[in-house]
Amino acid sequence: MLSFTDTQRFGVGLMGFGVFFLLFGILLYFDRVLLAFGNILFISGLPFIIGLRNTFHFFSQRQKLRGSSFLLGGIVLVLLRWPAIGMLCESYGLYLLFRCRGDLVKGRPRCEDRRRKPDGKSAATGELCAGPLSYS
C-alpha cells in the first residue's frame, strides 16, 4: 500500500479539486472562473506531491520545454479570458509532456529505447529502428 506524507495528501487534495473545477468549468461551456481556479489549484498541488525541485526539473527539461510552454501559455490564456483557446493549448501541452507514457501499456519499447544513433540503430538494443525519430 502507498503511504503518503501529510504534504503529499494536501497536494493530492489540491490536484483533485483542480481537476474537479476544470471538468466542471468545461461542462459549463468553458466558464472562465472555474477553469482559472482549476488551473491554479492543479498547478499548485503538483509541487506538494513530487516536491518543488522535481517539479521544476520536470518542466524545465530540454525535451519538454515546448510542452511546458504550451501548458503554461494555455493557463495564461485562460486567465486572460480566452478559455477555449487556452484549453486547447493546455491540452496540446499535456500531450507533449506525457506522450510517451502510453508506450509501456501498449507493450512497445519505451521512448528512450526508440531513439536512434546517427547510424540508424537503436541506442538501447543496437537494432535498426523502423519507426520515426523520437526526441522525447
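A search of the whole structure finds 1 salt bridge, the term denoting a side-chain nitrogen of Lys or Arg within 4 Å of a carboxyl oxygen of Asp or Glu. The structure is a predicted model, in which local features need pLDDT of at least 70, side-chain atom pairs count only at pLDDT 80 or more, and totals for chains, interfaces and linings use all residues. Residues are numbered from 1 along each chain as its sequence is written, and side-chain values use heavy atoms, with hydrogens and water left out.

**Stop 1: the salt bridge**

Select aspartate 6 and arginine 9, whose side chains meet at 3.5 Å, N to O. Both belong to helix 1 (residues 6–27), and because they are 3 residues apart there, about one helical turn separates them. Helices here are DSSP runs of H or I with at least four residues, strands are runs of E with at least two, and both are numbered from the N terminus. Aspartate 6 is exposed at 61% relative accessible area, and arginine 9 is exposed at 52%. Exposed means over 50% relative accessible area, buried under 20%, and partly exposed in between, with a 1.4 Å probe and protein chains only.

**Stop 2: the whole chain**

Of its 136 residues, 31% count as buried. Among contacts (heavy atoms within 4.5 Å) between residues at least 6 apart in sequence, 44% join residues at least 24 apart.

**Stop 3: the cores**

Select Met15, Leu46, Phe58, Phe59, Leu71, Ile75 and Leu97, the 7 residues of the largest nonpolar core. Such a core is a set of buried Ala, Val, Leu, Ile, Met, Phe, Trp, Tyr and Cys residues joined through side-chain atoms within 4.5 Å. Helix 3 (52–59) and helix 4 (65–79) each supply at least two residues of this core. Apart from it lies another core of 5 residues, including Leu22, Leu35, Ala36 and Met87.

Not counting residues up to four places away in sequence, leucine 46 touches Met15, Gly51, Thr55 and Phe59. Its C-alpha atom is 9.0 Å from that of glutamine 8, 38 residues away along the chain. Methionine 15, with the neighbours within four places set aside, is in contact with Leu41, Phe42, Gly45, Leu46 and Ile49.

**Stop 4: helix 2 against helix 3**

Display helix 2 (residues 32–50) with helix 3: they pack at about 120°, their axes 6 Å apart. Axes are lines fitted to C-alpha atoms, for helices over the stretch in contact, and angles run from 0 to 180 degrees between N-to-C directions. Leu46, Pro47 and Ile50 of helix 2 make the contact with Leu52, Asn54, Thr55 and Phe59 of helix 3. Threonine 55, in helix 3, is buried at 9% relative accessible area. Beyond four places in sequence, threonine 55 touches Leu46, Pro47 and Ile50.

**Stop 5: helix 2 against helix 4**

Finally, show helix 2 with helix 4, whose axes come within 9 Å and cross at roughly 145°. On the side of helix 2, select Arg32, Leu35, Ala36, Asn39, Ile40 and Ile43; on helix 4, their partners in the contact are Leu71, Ile75, Val78 and Leu79.
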